[in-house]
Structure formats: C-alpha cells, structure tokens
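This report concerns the pairing of charged side chains. Side chains of opposite charge can pair when their charged atoms come close.

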Amino acid sequence: MKLMAFSIFDRKAMSYDQPFFVVNEVTAVRMFDRTARDTGTMIAAYPEDYVLVHVGEFDTLEASFSAPPEGVRQLVTASALVAQSLQAKEE
C-alpha cells in the first residue's frame with residue numbers, strides 16, 4: 001500500500017515538522033484544519049506561520065520513501081483554513 005507523506009512547514013522557524021502519512025490529500029487537509037482550529041496548538045496561535053505541504057510517498061510493501069517528482073508542494077496555509085472556518089460560521 002502506498003501512503004502519502006505530508007509535513008507542516010513553519011515559515012518563522014524555516015523548518016519542516018516530522019512527516020505524517022495518510023491515505024490521501026483530503027485526509028491530510030482535514031487533520032491540518034482541525035489542528036489549525038484547536039486553540040491549544042501553536043498552529044492555531046500563529047496560523048500565518050504554518051503551511052501544509054506534500055513531501056512524498058511511502059510504500060508499505062517495499063519500505064521505501066520517494067519524493068514527488070515536482071518537489072515539495074504547498075497545499076494550504078493554516079490562516080486560509082481559519083478564515084474559511086470563520087466565514088462558514090458567519091453564513
């Protein structure tokens with residue numbers, strides 16, 4: 001089975017967090033969204049600093065990791081998710 005690998009990039013620290021592995025991009029965005037709205041997290045405290053990125057793929061049968069051919073790809077910022085959440089509450 002192949003799992004997609006994602007990381008959270010901290011723009012202020014200029015570093016990537018430990019990668020996490022899920023079945024698809026939708027799941028990764030959902031997890032990041034929940035963290036961005038959890039007031040007890042650093043991501044919620046400073047949403048403008050954090051970006052969800054796709055960093056590769058992990059093959060569970062071969063125990064191999066591969067980077068995407070196009071390189072690290074930005075998916076969504078925490079600040080964009082927080083803004084979407086606030087907009088949805090207003091509607």
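The sections below describe salt bridges in this predicted model.

## Overview

A search of the whole structure finds five salt bridges.

## A contact between two loops

Asp-49 and Lys-12 form a salt bridge, with 3.2 Å between the closest N and O atoms. Because Asp-49 belongs to the loop between α2 (42-45) and β4 (50-59) and Lys-12 to the loop between β1 (2-10) and β2 (15-16), the pair ties together parts that are 37 residues apart in sequence.

## A contact between helix and strand

Glu-25 forms a salt bridge with Arg-73, the closest N and O atoms lying 3.1 Å apart. Glu-25 is in helix α1 (residues 25-37) and Arg-73 in strand β6 (residues 73-77), so this pair ties together parts that are 48 residues apart in sequence.

Glu-25 is partly exposed, with a relative accessible area of 31%, and Arg-73 is also partly exposed, with 30%. Together with Glu-70, Glu-25 and Arg-73 are linked in a network of salt bridges.

Arg-37 forms a salt bridge with Asp-33, with the closest N and O atoms 3.1 Å apart. Both residues lie in helix α1, four residues apart, which is about one turn of the helix.

Arg-37 is partly exposed, with a relative accessible area of 43%. Asp-33 has 19% relative accessibility and therefore counts as buried, the cut-off being under 20%.

Technical notes. Residues are numbered from 1 along each chain as its sequence is written. This is a predicted model: local features need pLDDT of at least 70, side-chain atom pairs count only at pLDDT 80 or more; totals for chains, interfaces and linings use all residues. Side-chain values use heavy atoms; hydrogens and water are left out. A salt bridge is a side-chain nitrogen of Lys or Arg within 4 Å of a carboxyl oxygen of Asp or Glu. Buried means under 20% relative accessible area, exposed over 50%, partly exposed in between (1.4 Å probe, protein chains only).
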